[in-house]
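Here is a quick walk through the fold, for anyone who wants to look around with the viewer open.

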Amino acid sequence: MLQLTDRLILSPTDLVGFLACGHRTRLEWEAARGLRPQAFDGDPVLDLVSRKGAEHEKRYLAELRAGGLEVVDLSNLGNKTIDESEAAEAATVAAMRDAVDIVYQGVFFDGRWRGRPDFLRKVQTPSAFGDWSYEAIDTKL
């Protein structure tokens with residue numbers, strides 16, 4: 001969801017939302033600025049899909065661990081503020097530099113755009129890290 005601190009912070013979800021409905025994006029921007037109340041998004045079907053998706057993601061995480069992969073879990077790190085986002089990104093990059101097999105719920109943040117991939121998996125493709133790099137894995141049902 002759009003966030004407004006001293007600057008507007010966006011996510012890939014915001015971009016998808018804008019492409020689906022520019023008017024909704026305008027309403028969310030106005031709510032972020034305090035010009036209108038936040039829109040109600042209570043939908044039992046979407047809540048169920050979200051809950052089932054989270055359960056699926058947790059099962060996949062358990063499978064990775066059971067397979068003996070080294071997993072760094074960053075899901076407990078906040079990303080609601082600029083400071084939290086910067087700290088979570090630093091932890092993500094540190095885990096990638098350490099060449100862990102899997103980074104769970106890392107954060108990327110460039111000061112304006114913030115993204116949180118479900119998983120980052122180490123692959124044997126050279127990068128600035130060394131003989132390895134990472135690919136994003138998005139877990140969907």
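## Rings, sheet and cores

Tyr134 is buried, with a relative accessible area of 14% (buried means under 20%, exposed over 50% and partly exposed in between, using a 1.4 Å probe and protein chains only). Phe129 is partly exposed, at 26% relative accessible area.

A word on the source: this is a predicted model, where local features need pLDDT of at least 70, side-chain atom pairs count only at pLDDT 80 or more, and totals for chains, interfaces and linings use all residues. Residues are numbered from 1 along each chain as its sequence is written, and side-chain values use heavy atoms, with hydrogens and water left out.

Searching the whole structure turns up three aromatic pairs. Rings of Phe, Tyr and Trp (its six-membered ring) pair if their centres lie within 6.5 Å; planes under 30 degrees apart count as stacked, over 60 as edge-to-face and the rest as tilted. Here are two of the pairs:

| Pair | Centre to centre | Angle between planes | Type |
|---|---|---|---|
| Tyr104 and Phe119 | 4.9 Å | 35 degrees | tilted |
| Phe129 and Tyr134 | 6.3 Å | 90 degrees | edge-to-face |

Tyr104 sits in strand E4 and Phe119 in strand E7, so their pair ties together parts 15 residues apart in sequence. Both Tyr104 and Phe119 are buried, and together with Tyr60 they form one aromatic cluster.

Now the sheet. Its four strands run in the order E3-E4-E7-E8, as an open sheet with mixed pairing. Strands here are DSSP E runs of at least two residues and helices are H or I runs of at least four, numbered from the N terminus; two strands pair if DSSP finds at least two bridges between them. E3 (71–73) and E8 (133–137) are at the edges with a single partner strand each, so one side of each has no neighbour in the sheet. E4 (residues 102–104) and E7 (residues 119–123) pair antiparallel over three bridges, with Ile102 opposite Arg121 in E7.

What about nonpolar cores? Each is a set of buried Ala, Val, Leu, Ile, Met, Phe, Trp, Tyr and Cys residues joined through side-chain atoms within 4.5 Å. The largest has nine residues, among them Leu74, Met96, Trp132 and Tyr134. A second, separate core of eight residues includes Tyr60, Leu61, Val71 and Ile137.
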